[in-house]
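Hi,

Here is the structure I promised to pass on.

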Amino acid sequence: MSTHIALLPGDGIGPEVTAAAVQCLEAVAEIHGYSFRFSEHPIGGCAIDAYGTALPETTRAACLASDAVLLGAVGGPKWSDPRAAVRPEQGLLALRAALGVYANLRPLQVHPRAAQFSPLRPEKLRQVDFVFVRELTGGIYFGAKTRESDAASDLCRYSEAEIERVLRRAFTLARERRRKLTSVDKANVLETSRLWRATAQRLAAEYPDVALEHQLVDSMAMLLLTRPHSFDVIVSENLFGDILTDEAAAIAGSLGLLPSASLGDGPRGLYEPIHGSAPDIAGQGIANPAGAIASAALLLRYSLGLPAAAGALESALWLALDEGVLTPDLGGHHSTTALTEAVIGHLWSQSAVDAAVARA
Ligand code: NAD
Ligand code: IPM
Ligand code: MN
């Protein structure tokens, strides 16, 4: 039976970067003899235009029936009127909730070619290698919202169970890495953070091999810049994770580089680059597809259980950047397509090397 990947290109550069990721997945399938079936569905602004809703029922149903979902980006100035009744971003939030993908993994390493675009000095970037685990389906994003003529409110609520499941994911991930977990909160002010910290403290007893530290979110924003190399796995609630991971992306040199995997309890996941629809460069063929391609690698690893294929795609991307096939956000003059083709070229040459080794 073939694997069903629901494809949600979305708005702006979303279709450009998802097309790149699909081409890479098709090459992976051809090289290894896998069979991937893609079905494409609208989400975000383009869905509002066509159906009046940011997450049409057919899109939701296809995602729920799929093995994995690959998404580009949603939103743009056309749909950004603050008085609009429906917004593209609501579609993404509703999809995350429908899929139950409460743990959003955002891994970060700094490619040497991108380092010069980082605001940090090169010596600060050595050995930076961490994974952010952002809680994705709770907190202030999903709490009750009220609006009066001269006031508004957003409720931030977390149950202990919601906190526990994402913390367990982070502890488990830390165990597979360097066994260090940084839990980010604002426990000096927020009640939800005090529950968060107490839950982390309780779970720590079950993971004695993982060193747990707590950081307040404001000082964490600073520490990401002053000692990024000291972090291994970082876990936080939804809004703090949103903000800190864009900061982390700047450390890596470009927002266009970072992938994400959103996971729940089962193998199905939602995979998307962390960047948005980049309206300023949409339609020009110059968007950096690296974040989307790396997201496709995470899809292979976490939803399809193909770690070797995932690793091969990641190293093909790394090699393509190594040889200087860079889009303008990284100071290059190459197109989205050129980088994608370079990645696919490296996939094929790796497989030729593997075949030669197997024959020898
Ligand atoms: P953005 O991430 O779209 O763009 C920020 C800056 O980074 C822009 O200068 C853009 O050109 C650049 N950039 C982003 N991705 C790039 C890539 N792959 N290659 C090269 N350059 C890239 O953020 P924004 O401008 O604040 O938001 C635009 C829209 O996207 C908004 O409607 C926002 O809500 C939406 N958004 C969607 C998602 C998502 O779908 N997951 C994420 C963030 C923002
Ligand atoms: C992200 C985005 C989304 C978020 C928006 C578009 C709803 O910024 O994926 O990081 O805030 O989660
Ligand atoms: Mn964000």
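Two strands count as paired here if DSSP finds at least two bridges between them; helices (H or I, at least four residues) and strands (E, at least two) are DSSP runs, numbered from the N terminus. The model is a predicted one, where local features need pLDDT of at least 70 and side-chain atom pairs count only at pLDDT 80 or more, while totals for chains, interfaces and linings use all residues. Residues are numbered from 1 along each chain as its sequence is written, chains are lettered from A and ligands numbered from 1 in the order in which they are written, and side-chain values use heavy atoms, with hydrogens and water left out.

Now the sheet. Strand β5 (residues 129–135) runs parallel to strand β10 (residues 233–236), with 4 bridges between them; Val133 has Val235 of β10 as its bridge partner. Helix α9 (residues 238–252) packs on the sheet and touches β4 (103–109), β5, β8 (180–185) and β10, contact being heavy atoms within 4.5 Å. The direction of α9 makes about 155° with that of β5 (axes are lines fitted to C-alpha atoms, for helices over the stretch in contact, and angles run from 0 to 180 degrees between N-to-C directions).

The whole sheet is open, with 10 strands in mixed pairing, ordered β2-β1-β3-β12-β11-β4-β5-β10-β8-β9. At its edges, β2 (36–40) and β9 (211–216) each pair on one side only.

As for cysteines, there are 0 disulfides, a disulfide being a pair of cysteine sulfur atoms within 2.5 Å. For Cys63, the nearest cysteine sulfur is that of Cys46, 12 Å away.

Best wishes
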